[in-house]
Amino acid sequence: MSFAPVRKKEGKLINITFSATDITELRKRETELQKAYERLKVLDEIKSDFVSTASHELRTPLTIIRGYCEILHDGLLGETNEEQKSKLAVVIKKVDALLRMVSRILDFSAIEAGKLSMKIGNVSLVDIVKKEVGELKPLTSEKNQRISVELPKLPIIKGNRERIEMVCYNLIQNAVKHTPPGSKIRIEGKEHIDHLLLGVSDDGPGMPSHELDKIFDRFYTGEKPRRDKEVGTGIGLAVCRGIVEAHGGRIWAESKDGRGMSVYFTLPKK
Ligand SMILES: Nc1ncnc2c1ncn2[C@@H]1O[C@H](COP(=O)(O)OP(=O)(O)O)[C@@H](O)[C@H]1O
Ligand SMILES: [Mg+2]
């Protein structure tokens, strides 16, 4: 039921209209909606629990598989020839990739639940970049890509080293993964008054400008799949954003006319 005043131009009240609609139907719909929402919320919680339990459950057997492969590789259960060794090295590398993926999913569910543990310590961004570039060497040499690193001496900051390592790893890995063989990747760091800035740029296909904000949303992997790009899970950058923001920093992407991509993030000095 509703009342509406009817006024003349100068605002004088001349009438009041009265209208009545059957609101029982509306009420019913509202209750249904509310119920559906509650059900979704419960389902979402179940999903989050499932994701984090499943990731934990995956990690244990993977770690054991990795351990046995290493023992075999190192010849501790009998001599291994060169070919066996190199095949085992491949298995170890793949298990490592799976373990990384599992921790990313775990991190992601922690970020979603607002439970990301943040042990704070001294962090050297320069050391982290060097370490992650080294870790990604096998991938970059496989794709014949060159990484140039331009880092001045940067001050030590406070933060969670492992998480910041993960951000750097994800950004460099994206530049490796989403660009064709032979691409050039550039990492640059700068010190500003109250924060450090790190940028990872490549000369690959980039992204159209209207998608540059969306790539930080979870599960976003682009509007149209590109032939020259590998498919991913779309959680890497969502995790990066969660970690950077938990540190009080900012993360964003730039792409020139869809040619080449740069992702920057900042971390406060204090
Ligand atoms: N360096 C890059 N060049 C081009 N596209 C990129 C780059 N980095 C990220 N993207 C796009 O952003 C999407 C989201 O990235 P991310 O969250 O790391 O997920 P994933 O790498 O698993 O696909 C990618 O699927 C890709 O389409
Ligand atoms: Mg990624």
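1. In this predicted model, strand S7 (residues 195–202) and strand S9 (residues 259–268) are joined by eight bridges and run in the antiparallel sense. Within this pairing, Leu196 is placed opposite Leu267 of S9.

2. The two strands belong to an open sheet of five strands, ordered S4-S6-S7-S9-S8, in which the pairing is mixed. Strand S4 (146–150) and strand S8 (251–256) form the edges; each has a single partner strand, so one side of each lacks a neighbour in the sheet. On average, and with direction ignored, neighbouring strands of the sheet are turned by 15 degrees against each other.

3. Polar contacts to ligand 1 involve both side chains and backbone. The side chain of His178 places an N or O atom 2.9 Å from an oxygen atom of the ligand. A nitrogen atom of ligand 1 lies 2.8 Å from a polar side-chain atom of Asp202. For Gly236, a polar backbone atom is 3.3 Å from an oxygen atom of the ligand. Ligand 1 taken alone exposes 520 Å², of which the protein buries 98%.

Notes. Residues numbered from 1 in each chain as written. Chains lettered and ligands numbered in written order. Predicted model: local features only at pLDDT ≥ 70, side-chain atom pairs only at ≥ 80, totals over all residues. Heavy atoms only, no water. Polar contact = N/O pair within 3.5 Å; in protein donor to acceptor, adjacent residues only side chain to side chain. Areas by Shrake-Rupley, 256 points an atom, 1.4 Å probe, with all protein chains shown as cover. Pairing = 2+ DSSP bridges. Helix = DSSP H or I, 4+ residues; strand = E, 2+ residues; numbered from the N terminus. Axes fitted to C-alpha atoms, helices over the stretch in contact; angles between N-to-C directions.
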